[in-house]
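Subject: Structure handover

Hello,

Here is the structure for your files. My notes on it follow below.

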Amino acid sequence: MTIYKQIKEVIEKYDKIIILRHIVPDGDAYGSQLGLKELIKTNYPNKEVYAFGEEIGYLKHAGTPDVFTDEAIFKDALVIVTDCGNVERIDNQNYDKGAFLLKIDHHPDATPYGDLSWVDVNYTSASEMVGDLAVNNNWEITPVAARVIYHGICTDSGRFLFGGITPRTFEVCARLIETGFDVFEMYKTMYKRSFPVLALQSELIASAKVTDHKVGYVILTDELMKKYNLSYDENGKFSNLLKDIEGIDIWITFSIREDGKWRVEFRSNGIAVNELAVKWGGGGHKMAAGAIINNLDEAMQIVEDANQIIIDNE
Ligand SMILES: [Mn+2]
């Protein structure tokens, strides 16, 4: 039996379905979670479906998660977790209180979980997986589902710019666009930039450091956040600021968080950085990973570690 059919059968078996994704959600977390919710609501209108997790201001245009009230709601539910490689990062730690746990993810399966697990790193995004699931099960796709799923594919693939694009990516996208949602409107909304963000980018670029081993990094301090009136949930916007710059093979973005810790985003143009993220308590993809650290002393150790990775690769 195909995985599409297996997942369909599991969904059909449960009256109540709770969909979760990773903490600090991005476009793909939203796309896979809210897209799957909309698909199930459309194709199985009698089911109770919830999508729990933190709401992110800049993703408001993509959709709105449900408000979680009580862990009792997990009783007898099918729990589906999308776009989340490890259980520690699931945004709702009651994930194991349901009747059945299904994992749908495109990150390396470092710490497998779930009664049924569909993990495939050959997808651009968990959103593409959800879209592919809909296509293969001949599910009706509404323009609302299509928009949030397409948005998730665009954000995780850099709008088809990063590696990992396959003919299937475009086949899924074709089916999504067929629903008639307004793609141009979506692009206009997702790429809208504010002048303060541009000014902040320019200051970050001017302050960027590059080591002798082609590791580039920027530090988004609390001072800069306040100067440009940026909200903390937008601190992930700058992870590709140093992409495509000659002389930089690994680029790292350190951003202050609301709780005083630092968000670290690792990116590279080929060298594996996910092991480095794992070393610092995070995880992710080979060339795009993240972690959370305590202070800038640790940040400087990370830069040293990245230098060492490049030396080891030479
Ligand atoms: Mn993803």
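Over residues 16–153 the chain is 28% helix and 17% strand, with the end C-alpha atoms 27 Å apart. Helices (H or I, at least four residues) and strands (E, at least two) are DSSP runs, numbered from the N terminus. UniProt, in an unreviewed entry, places the feature "domain: DDH" at residues 16–153; its positions are given in the numbering used here, feature names are shortened, and annotations may be inferred rather than shown by experiment.

This is a predicted model, in which local features need pLDDT of at least 70, side-chain atom pairs count only at pLDDT 80 or more, and totals for chains, interfaces and linings use all residues. Residues are numbered from 1 along each chain as its sequence is written, and side-chain values use heavy atoms, with hydrogens and water left out.

The manganese ion has protein donors Asp28 (OD), Asp83 (OD), His106 (NE2) and Asp156 (OD), at 2.1 to 2.3 Å. Donors are N, O and S atoms within 2.8 Å of the metal (3.2 Å for Na, K and Ca); water is not among the atoms, so sites may look incomplete. The donor spacing in sequence is D-x54-D-x22-H-x49-D. Asp28, in helix H2 (residues 27–43), and His106, in the loop between strand S4 (100–105) and strand S5 (116–119), are 78 residues apart. Both Asp28 and His106 are buried (under 20% relative accessible area; exposed is over 50%, partly exposed in between; 1.4 Å probe, protein chains only).

Disulfides (cysteine sulfur pairs within 2.5 Å) number 0. The sulfur of Cys154 is 6.4 Å from the closest cysteine sulfur, in Cys173, too far for a bond. Cys154 is buried at 1% relative accessible area, and Cys173 is buried at 4%.

Regards
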